Amino acid sequence: MSSLSILCSAAVTAGVVSGVIALIVGAVIGILIYGTLTSKKIGKSKSNAVKIIEEAYAEAKSIKKESLLEAKDEAQKIRDDANNDAKERRAEIQKQEERLDQREEYLTKKEILLDTKSEQLDNEKNKLDGDKVKLEEKIKEQEEIKLQITEKLEKISGLTKKEAKDILIENITDEAKKDAGILVKNIEDEAKENAEKLARNIVVGAIQKCATDLSSEFTVSSVTLPNDDMKGRIIGREGRNIRAIESVTGVDLIVDDTPESITISSFDPVRREVARLSLERLIVDGRIHPARIEEIVEKATKDVEKIIKEAGENACNDVGIYNLNPELVKVLGRLKYRTSYGQNCLKHSIETSVIAGLLATELGVNVQVAKRGGLLHDIGKALDHEVEGTHVSIGVDLAKKYKESEEVVHCIHAHHGEVPFNSIEAILVQVADAISSARPGARRESLENYIKRLQQLESICNEFNGVEKSFAIQAGREVRIIVKPDQVNDNNALFLAKDISKKIEQEMQYPGQIKVVVIREKRFTETAK
């Protein structure tokens with residue numbers, strides 16, 4: 001490769017020299033031609049040409065000499081660089097060979113070590129296989145000894161293996177139940193000591209801040225007349241007036257022997273209110289005929305609708321909810337004429353909303369969701385006489401129809417425990433509903449329903465094994481159960497109380513809470529003679 005570089009450099013130098021000579025020769029020829037045209041300067045031109053040629057040859061020779069020297073220097077430099085590169089490559093190759101030799105030596109040692117380890121593992125495996133065989137033989141011997149001991153024990157005790165196992169399991173189960181009962185009781189006592197105080201303070205504080213009036217009412221179902229002669233005028237000739245009233249209002253008028261009174265019968269509280277207002281205005285007006293009846297009823301209907309709308313708006317303002325759908329506000333206002341066990345549903349909804357909001361504030365959860373859920377939890381009762389289904393399902397459909405949030409819909413759906421709770425706000429709405437409906441004076445119920453509920457409560461308690469008697473006391477708020485002491489011990493009494501309370505929750509509907517008390521008493525009697 002270095003020789004080729006030298007040859008290339010020489011060829012370049014020769015080319016340069018040849019070019020210079022050609023240039024000089026061209027110049028000479030030009031001068032000669034010019035000399036022939038200028039005969040006067042021929043002699044001088046010849047002498048100058050000879051001189052120029054000599055100088056050109058001398059300069060060309062000098063350039064050639066310098067070019068050869070430079071080419072030799074360049075060739076020597078290239079040769080030296082090539083030698084240095086070769087030395088460096090030989091040194092690097094030698095280092096790589098040394099590293100490969102070391103790597104090969106390391107791998108050889110490692111291979112020898114692995115062979116040694118493999119041999120040791122094979123020896124240990126053979127040893128473990130031998131130990132395994134011995135262990136299996138010992139286990140087999142132990143099983144045989146265990147079987148012989150079991151047979152001897154069965155002969156001595158007169159019990160089979162299964163019978164002895166059942167007795168052992170029963171004893172262990174009783175002991176575990178005893179320990180579990182003690183542990184559960186201790187945990188419950190500790191939790192109640194701390195939780196009841198806090199919960200009581202929160203609930204009492206919410207009720208105290210609410211401080212609403214008693215909302216118990218009787219459904220208005222009769223209209224007072226100025227005199228008995230008015231009955232005849234309301235009935236009209238051949239009953240045309242009373243038929244007109246019933247046809248336009250959709251209610252039934254009951255005219256009986258009750259002095260100076262007419263009873264209005266209808267499942268729709270709004271229709272009943274329209275009929276009441278219409279009758280009162282007809283009595284005051286004195287003009288009672290079909291045309292006047294239709295006119296009065298139409299005005300009364302508009303007035304009641306206005307009252308309903310205002311009642312819904314006032315309810316929203318009372319609890320601080322201002323973005324309720326206008327149609328939902330109208331449905332809410334219909335609760336003004338709806339009662340449940342004598343309790344006005346609209347006042348109950350407002351009270352529930354306020355209590356739920358106060359509880360949510362104390363617990364640090366979403367106050368608006370709790371208040372909104374409390375206000376709308378019984379909204380289905382406004383239409384339960386028109387739409388099939390429970391008031392809960394109707395309320396859920398209404399809330400979804402008017403784009404209420406999922407959290408509010410869940411509060412409505414879960415306030416009677418029909419679905420599992422998935423938010424604290426829903427639990428607070430149920431608690432507020434129970435507080436509002438269960439406090440003294442809030443609701444009334446008929447004697448017949450009251451007796452049936454107490455009988456059902458005692459009947460559920462008497463179904464459990466070991467129960468001797470049960471007594472519903474405190475208007476059904478508490479039931480006391482006397483158990484047979486020889487069938488129910490102290491630990492089982494705790495579980496019995498839990499089972500009875502769960503069954504009451506599943507099978508009965510009741511306002512508030514029912515306290516279940518299990519009493520176990522054992523008496524020892526002896527007569528002195």
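This report walks through the cores, sheets and helix packing of a predicted model.

## Ground rules

Residues are numbered from 1 along each chain as its sequence is written, and side-chain values rest on heavy atoms, with hydrogens and water left out. Because the model is predicted, local features need pLDDT of at least 70 and side-chain atom pairs count only at pLDDT 80 or more, while totals for chains, interfaces and linings use all residues.

Helices (H or I, at least four residues) and strands (E, at least two) are DSSP runs, numbered from the N terminus.

## The nonpolar cores

Let's start inside. A nonpolar core here is a set of buried Ala, Val, Leu, Ile, Met, Phe, Trp, Tyr and Cys residues joined through side-chain atoms within 4.5 Å. Buried means under 20% relative accessible area, exposed over 50%, and partly exposed in between, using a 1.4 Å probe and protein chains only. The largest such core has 41 residues, and L332 and L398 touch the most other members. Two or more residues come from each of α7 (290-319), α8 (326-333), α9 (345-363), α10 (367-376), α11 (391-401), α12 (406-414) and α13 (424-438). The biggest contribution is that of α9, with seven residues.

Contact means heavy atoms within 4.5 Å. Setting aside neighbours within four places in sequence, L332 is in contact with G312, A315, C316, L324, L346, L375 and I379. There is also a second, separate core of 26 residues, and A244, L277, I288 and A300 are among them.

## Helix α11 and its partners

Two packed helices are described by the angle between their axes and the distance between the axes. The axes are lines fitted to C-alpha atoms, for helices over the stretch in contact, and angles run from 0 to 180 degrees between N-to-C directions. For α11 and α12 the angle is about 170°, and the axes are 8 Å apart. The two helices are therefore roughly antiparallel to each other, a label for angles over 145 degrees, with under 35 counting as roughly parallel, 65 to 115 as roughly perpendicular and the rest as oblique.

On the α11 side, V392, G395, V396, A399 and K400 meet V409, I412 and H413 of α12. The residues of this contact divide into five nonpolar, two polar and one charged. In that scheme Ala, Val, Leu, Ile, Met, Phe, Trp, Tyr, Cys and Pro are nonpolar, Asp, Glu, Lys and Arg are charged, and the others, Gly among them, are polar. The buried residues of α11 are H391, V392, I394, G395, V396, L398 and A399, and they pack against α8 and α12. Just after α11, K403 takes a positive phi of about 60°.

Two strands pair if DSSP finds at least two bridges between them.

Strand β2 is joined to β3 (residues 261-265) by three bridges, and the two run antiparallel; D252 stands opposite S265 in β3.

## The β6-β7-β8 sheet

Another open sheet of three strands has the order β6-β7-β8, this time with mixed pairing. Here β6 (467-473) and β8 (515-520) are the edge strands, each pairing on one side only. Neighbouring strands are turned by 20° against each other on average, direction ignored.

β6 and β7 (residues 478-483) pair in the antiparallel sense over six bridges, with A472 partnered by V479 and F471 opposite R480. β7 and β8 run parallel, joined by six bridges, and E478 stands opposite K515 in β8. Helix α15 (residues 490-507) lies across β6, β7 and β8, running at about 150° to β8.

## A look at P290

P290 has its place in helix α7. At 27% relative accessibility, P290 counts as partly exposed.

Not counting residues up to four places away in sequence, P290 touches R240, N241 and A244. P290 and A244 are 46 residues apart along the chain, and their C-alpha atoms are separated by 5.8 Å.
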